[in-house]
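User: Please examine the structure shown below and answer some questions about it.

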Amino acid sequence: MSTRPSRLFHNMNAKIASVPMVLTAMVVFLGGSIWTVVYSFTDSKLLPREKWVGLDQYERLWGTNRWLVSIENLAIYGVLSLIFSLVIGFVLAALMDQKIRFEDVFRTIFLYPFALSFIVTGLVWQWLLNPDFGVQNVIRGIGFESFTFDPLYDADLAIYGILFAGLWQGTGLVMCLMLAGLRGIDEDIWKAARVDGIPAWKTYLFIVIPMMRPVFITTLVIITAGIVKLYDLVVAQTGGGPGIATEVPAKYVYDMMFQAQNLGQGFAASTMMLVSVIIILIPWAYLEFGGKRRG
Amino acid sequence: MKMMRMMLAASTAIGIAGGAWAEDLEITHWWTSGGEAAAVAEFAKAFDATGNKWVDGAIAGSGNTARPIMISRITGGDPMAATQFNHGRQAEELVEAGLMRPITEVAEAEGWANAIAAPGLLESCTLDDELYCVPVNIHSWQWLWLSNKAYEEAGIPVPKNWAEFVASGPKLQEAGKVPLAMGKQPWQAAGAFKVLVLSLGGPELYTKVYDEKDSEVAAGADMIPIWQAADEMRKLAAGSNVQEWNQATNLVITGQAGGQIMGDWAQGEFQMANQVAGTDYTCLPGLGDQPYLSTAGDAIYFPLLSDDAKSAAQLELASVLFSSEAQLAFNAKKGSLPVRKDLDLAEANDCMRQGLDILAKGNIVADTDQLISPDTNTQIQDLMIQFVSDMNMTPEDAQARFAEIIADAD
């Protein structure tokens, strides 16, 4: 009997074709990450250097008020942004799915903000929320002299101002993904549910949403990636202010590495970001991919 | 006569450079406000007159935005021909790593050491006896700019010192004005604070805190009045919803704000608006209290290039930047003081004269850019912007945190 060709050479063309991407992933992503983690244990200033200082950078990091504020802001923004964009996105999609008139027009309107970059979004909302130019000024112009609305200048509210701009920009995309998912649900399921006399909201909650699991996973990944890398919106909208009220981890990393000329500290902060992503990612990947192999 | 001198200057430069061809040099800087852009155009004109071409690489959004871009271009292997930094410690490591080229030969041939207004300026450009940058101006932070119009409208005399200024605050607020204009960027808050340290605390306190980094002094009784003044400062600045420093200066120019603590580059904005020192606006060096100035400033550094012709042109540029003509034209537009002492400042206005007098008396201290590292500076900026915007943070807390930063400073 002839031996079967080794699995290694099976489907050779595809494997050769993916070599460049594998190399890029290994060198750029994995290599870069390892390099960053290693150098986070040095006291590198403007240029990287191998002077080891152990965990000093991490001690300073967790003793820095600005970093703690950044983490807190990211948590607030992350949780609320996740919940609201999923809820609003799904509700909009469900409304859109009622065979309404001018669906194309509404879809375009809702998706339009997504075509704008975070920088533009940030600037637009900075002006809208600025007490001297924006909403407050307009309402006062109408005659309500004592009306006050300046979330970006109030340290307790500023992060919600950013959240609002982020939602305005992002929910359109979530809506489109959800709408695609809803359109993928077989008409017969709806008919069956109607025959059984199940109310529409129950059909959505207990039949349609569980069936849309893949769409939800995709959406979740897209939203989460956007949350962790939150940077440009903050820079454009508030610059981290007032004070340090809207600082985020990515901005801390950038400012430390380039403005404070303290690479070691920036590396330590980015390593912490990596760790937090891994903590979220590993259980999820295990659940998602580990399960399939069994079946 | 002027043309003649220009040509002589150009020919010496070419002599040094060994017969250079016309080269395009890219110069990056963050001089982007109205007054600054007018000033840098003077440099461009002077350099173009040598037959080379000044390719302007202005980066908007203050030095905190511009420096990371410049540094990544230099460390990333795409150096520009020349770039602005505040001389002192910002480019320290780039020089140590050999990414910058020395320009000692031009300085020696033209005798810069004899012409320089304050020797400290060249010293902060020097490493291992080689000169790495051309200081182009002297800037000092310790100025309070006051709007005569705002005080007239409020019906009170223009203050003469910090205490009077603080006292005038409520009257200005009654007249619907913001007493103190301050942009909401960290460097502006930290800058105003170091002005309070030097102008209210005096040079000894300033030296102990920023130079000797004595954390006991920073935590001690001498600093308490400074933090109280900072507390008053943030209350006076509470209503100014602007970001950039020149927007804040504009509030003073238009009389919407009483005053602003800002370096003398603010004067360029007053000039652009055709304001006259003494009648339209008043300046109080050292806040009218302690007549001491810190000699900060901008300098042009020259990254090491592999192209020989461009390297030769870099020396020509260095020579042009230090030439009397370019120094006069640039600094007149920018509102800063020239780095040469052999210039006739017939056109200097009232405020510049006050500054020159203080310099001549030798009442100068090194600027914090030369004393503390960018890392420490960023920590102080973070603290100060938080202090200014968060009224719940007490001066005592802020002082304790400031002392911690000073204790760890390098």
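User: Which residue forms a disulfide with B:Cys283?
Analyst: This is a predicted model, in which local features need pLDDT of at least 70, side-chain atom pairs count only at pLDDT 80 or more, and totals for chains, interfaces and linings use all residues. Residues are numbered from 1 along each chain as its sequence is written, chains are lettered from A and ligands numbered from 1 in the order in which they are written, and side-chain values use heavy atoms, with hydrogens and water left out. A disulfide is taken as a pair of cysteine sulfur atoms within 2.5 Å. The sulfur atom of B:Cys283 lies 2.0 Å from that of its partner, B:Cys351.

User: How many residues apart in sequence are the parts that the pair of B:Cys283 and B:Cys351 ties together?
Analyst: Helices (H or I, at least four residues) and strands (E, at least two) are DSSP runs, numbered from the N terminus. B:Cys283 belongs to strand β10 (residues 281-285) of chain B and B:Cys351 to helix α17 (residues 350-361) of chain B, so the parts tied together are separated in sequence by 68 residues.

User: Are B:Cys283 and B:Cys351 buried or exposed?
Analyst: Buried means under 20% relative accessible area, exposed over 50%, and partly exposed in between (1.4 Å probe, protein chains only). By this criterion, both B:Cys283 and B:Cys351 are buried.

User: What is the handedness of the disulfide of B:Cys125 and B:Cys133?
Analyst: The sulfur atoms of B:Cys125 and B:Cys133 are 1.8 Å apart, and both residues are buried. Because the torsion about their S-S bond is about -90°, the disulfide is left-handed.

User: How are α19(B) and α20(B) oriented, roughly parallel or roughly antiparallel?
Analyst: Axes are lines fitted to C-alpha atoms, for helices over the stretch in contact, and angles run from 0 to 180 degrees between N-to-C directions. Helix α19 (residues 374-389) of chain B packs against helix α20 (residues 395-408) of chain B at about 175°, with the axes 10 Å apart. Angles under 35 degrees count as roughly parallel, over 145 as roughly antiparallel, 65 to 115 as roughly perpendicular and the rest as oblique. Therefore α19(B) and α20(B) are roughly antiparallel.

User: What area is buried between chain B and chain A?
Analyst: Contact means heavy atoms within 4.5 Å, and 23 residues of chain B are in contact with 21 residues of chain A. Buried area is the accessible area (1.4 Å probe) that two parts lose on being put together, summed over both. Carbon and sulfur atoms give 52% of the area buried between chain B and chain A, which is about 2,100 Å².
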